[in-house]
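Hello,

Here is the structure I promised to pass on. Please open it first, then read my notes below.

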Amino acid sequence: MADDLRIDELRQLGLSEPVIRMAMGEVVHDALWWICLPLSPVVAEPPTPSGSHFVPLWSFAGGITGAMVRDDGKEFADYAIDCLQEGFEFVAHTEQGLLAYLLSHLVHDQLVDVSEAVGFRFPAELRVHSDIQGLRSLIGRIDSECETAVRAEQKAAGDGGM
């Protein structure tokens with residue numbers, strides 16, 4: 001996928017400007033220089049599930065992170081470049097969940113500044129996770145809270161704001 005088409009699709013998916021900028025290879029905070037690396041020009045990817053396609057965001061830790069797009073929405077996933085046979089691994093349903101996953105790799109004293117730079121709303125909650133199960137549970141709670149808020153906004157818009 002050509003880079004300009006990839007960025008256009010990420011914008012159409014409603015991703016925030018900081019995430020778009022990171023997908024374009026911009027370092028939006030010095031602490032993220034090693035987490036959201038530019039994509040290699042040609043990278044193989046595992047087969048996508050039926051009825052979906054993958055839009056890469058960035059390279060990280062020997063893999064590619066991106067949006068898995070389906071007719072009914074999107075979720076975030078990644079895969080290891082050298083283990084394509086293992087397929088995609090689910091990361092989060094929402095952008096805030098994706099950011100929790102990314103920022104979990106940072107030193108805790110960097111969380112507030114980086115959270116402000118990327119628009120992450122849950123730095124205090126992220127500080128208390130201690131293992132991968134705790135992180136997955138936190139991402140699930142963040143996803144649920146964000147999805148509930150979106151549904152409430154959509155309902156309010158449909159009700160004319162009442």
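**What I found**

Start with helix H6, residues 132-158. At 1.5 Å a residue, its 27 residues should span 39 Å, and its end C-alpha atoms are 38 Å apart, which agrees. The expected span is 1.5 Å times one less than the number of residues. Helices (H or I, at least four residues) and strands (E, at least two) are DSSP runs, numbered from the N terminus.

Two notes on the source. This is a predicted model, in which local features need pLDDT of at least 70, side-chain atom pairs count only at pLDDT 80 or more, and totals for chains, interfaces and linings use all residues. Residues are numbered from 1 along each chain as its sequence is written, and side-chain values use heavy atoms, with hydrogens and water left out.

Now the whole chain. It has 6 helices and 4 strands. From the N terminus, the order is α-α-β-β-β-β-α-α-α-α. For 162 residues, a compact globule would have a radius of gyration near 15 Å; the chain has 16 Å, which agrees. That radius is taken over C-alpha atoms, and the globule rule is 2.2 Å times the number of residues to the power 0.38. Buried residues make up 41% of the 162. Buried means under 20% relative accessible area, exposed over 50%, and partly exposed in between (1.4 Å probe, protein chains only).

Back to H6. Its buried residues are Leu 135, Leu 138, Ile 139, Ile 142, Asp 143 and Cys 146. They pack against strand E4 (89-92), helix H3 (95-103) and helix H5 (123-127). Contact here means heavy atoms within 4.5 Å.

Next, look at Val 91 in strand E4. Val 91 counts as buried because its relative accessibility is 7%. Leaving out residues up to four places away in sequence, Val 91 touches Phe 76, Ala 77, Asp 78, Leu 98, Tyr 101 and Ile 139. Val 91 and Tyr 101 are 10 residues apart along the chain, and their C-alpha atoms are separated by 7.1 Å.

Tyr 101 leads on to Ser 104. The backbone oxygen of Tyr 101 lies 2.7 Å from a polar atom of the Ser 104 side chain. Ser 104 sits in the loop between H3 and helix H4 (111-118). At 18% relative accessibility, Ser 104 counts as buried. Neighbours within four places aside, Ser 104 is in contact with Leu 126, His 129 and Leu 135.

Best wishes

Note on methods:
A polar contact is a pair of N or O atoms within 3.5 Å; within protein, one must be able to donate a hydrogen and the other to accept it, and residues adjacent in sequence count only if both atoms are side-chain atoms.
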